[in-house]
Amino acid sequence: YYTHFTSPIRRFADVLVHRQLDAALIKQQLNNAEPESVEFYRLKSELAQAEEDIPDGSDLQHIADHCNFKKYLSRVAQEDSGRLFLCIYLREHPQEADGVVINVGQKAFAVYVPEYGVESAVNENDMQPKASSYENSDDSVAVVKWND
C-alpha cells in the first residue's frame with residue numbers, strides 16, 4: 001500500500017520563495033538599467049509591486065514556522081497511515097519475521113522488524129508464548145512465538 005499526502009501549505013512556501021527570487025531578479029535588472037530611462041521606471045514599479053507581495057521578516061518567520069509544522073504533521077500522517085495499513089494487512093495475513101530486540105526493560109522490550117521497517121514495544125502481559133527456545137551460538141538467539 002502507498003499513501004502520499006501533499007500539503008498545500010508546502011506549495012505556499014514555494015510561492016513565497018518564488019516571489020523573493022522574482023524581486024531579487026528585478027532588483028538586479030534595475031541595477032543594470034540606465035537611470036532615468038523608461039526601463040528604469042518600469043522596473044522600479046515592478047519591484048515595488050513584487051516587494052509588496054513579500055511578507056516582512058517577522059511575518060515571514062511565522063509563515064515559515066507554520067509551513068514546517070504542517071509539513072511535519074503531513075509526514076506523521078503518512079507514516080501513521082502506512083502503519084495502519086500494515087496492521088490491517090498483518091491481521092488478515094499473519095506473517096513470521098525476524099526481529100531485533102533493541103531495548104529491554106523490566107516488563108517489556110522493544111523489537112525492530114527490518115522486513116517491515118517497524119518498531120514495537122512488547123509487554124510481557126501481552127505475550128502468551130506458544131513455544132520458546134534459546135540457541136547458544138556466536139550470536140545469542142531467543143525464539144519466542146505467541147498468539148496475538
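Guide: Gladly; what follows is a walk through some labels and the values behind them. Please keep in mind that this is a predicted model.

Visitor: Let us start with rings. How many aromatic pairs does a search of the whole structure find?

Guide: The search finds one. Its members are Phe 40 and Tyr 41.

Visitor: What makes the pair of Phe 40 and Tyr 41 edge-to-face?

Guide: Two values decide it. The ring centres are 5.4 Å apart, and a pair needs centres within 6.5 Å, so the two rings qualify as a pair. The planes stand at 85°, and an angle over 60 degrees counts as edge-to-face, so that is the name this pair gets.

Visitor: Is Phe 40 buried or exposed? And which class does Tyr 41 fall in?

Guide: Phe 40 has a relative accessible area of 16%; buried means under 20%, so Phe 40 is buried. Tyr 41 has 41%, which lies between that limit and the 50% above which a residue is exposed, so Tyr 41 is partly exposed.

Visitor: On to charges. Why is the contact of Glu 51 and Lys 27 called a salt bridge?

Guide: Their side chains meet with N to O at 3.5 Å, and the limit is a nitrogen of Lys or Arg within 4 Å of a carboxyl oxygen of Asp or Glu, so the contact qualifies. This pair links distant parts of the chain: Glu 51 sits in helix 2 (residues 38-52) and Lys 27 in helix 1 (residues 8-32), 24 residues apart. Glu 51 is partly exposed at 39% relative accessibility, and Lys 27 is partly exposed at 39% as well.

Visitor: How many salt bridges does the structure hold?

Guide: There are five. One of them joins Glu 39 and Arg 42, with N to O at 2.7 Å. These two are three residues apart in helix 2, so about one helical turn separates them.

Visitor: What separates Arg 83 and Asp 80 in helix 3?

Guide: Again about one helical turn, because Arg 83 and Asp 80 are three residues apart in that helix. Arg 83 is partly exposed at 42%, and so is Asp 80 at 37%. Elsewhere, salt bridges that share partners join Glu 39, Arg 42 and Glu 46 into one network.

Visitor: Helix 3 also carries Tyr 72. Which residues form a nonpolar patch on the surface with Tyr 72?

Guide: Phe 69 and Leu 73 do, and the three together have about 300 Å² of accessible area. Tyr 72 itself has 43% relative accessibility; a patch residue needs over 30%, so Tyr 72 passes.

How values were computed. Residues numbered from 1 in each chain as written. Predicted model: local features only at pLDDT ≥ 70, side-chain atom pairs only at ≥ 80, totals over all residues. Heavy atoms only, no water. Patch = residues over 30% accessible without salt bridge, like charges linked within 9 Å, V, L, I, M, F, W, Y side chains within 5 Å. Areas by Shrake-Rupley, 256 points an atom, 1.4 Å probe, with all protein chains shown as cover. Helix = DSSP H or I, 4+ residues; strand = E, 2+ residues; numbered from the N terminus. Buried < 20%, exposed > 50% of the residue type's maximum accessible area, 1.4 Å probe, protein only. Phe/Tyr/Trp six-rings, centres within 6.5 Å; stacked < 30°, edge-to-face > 60°.
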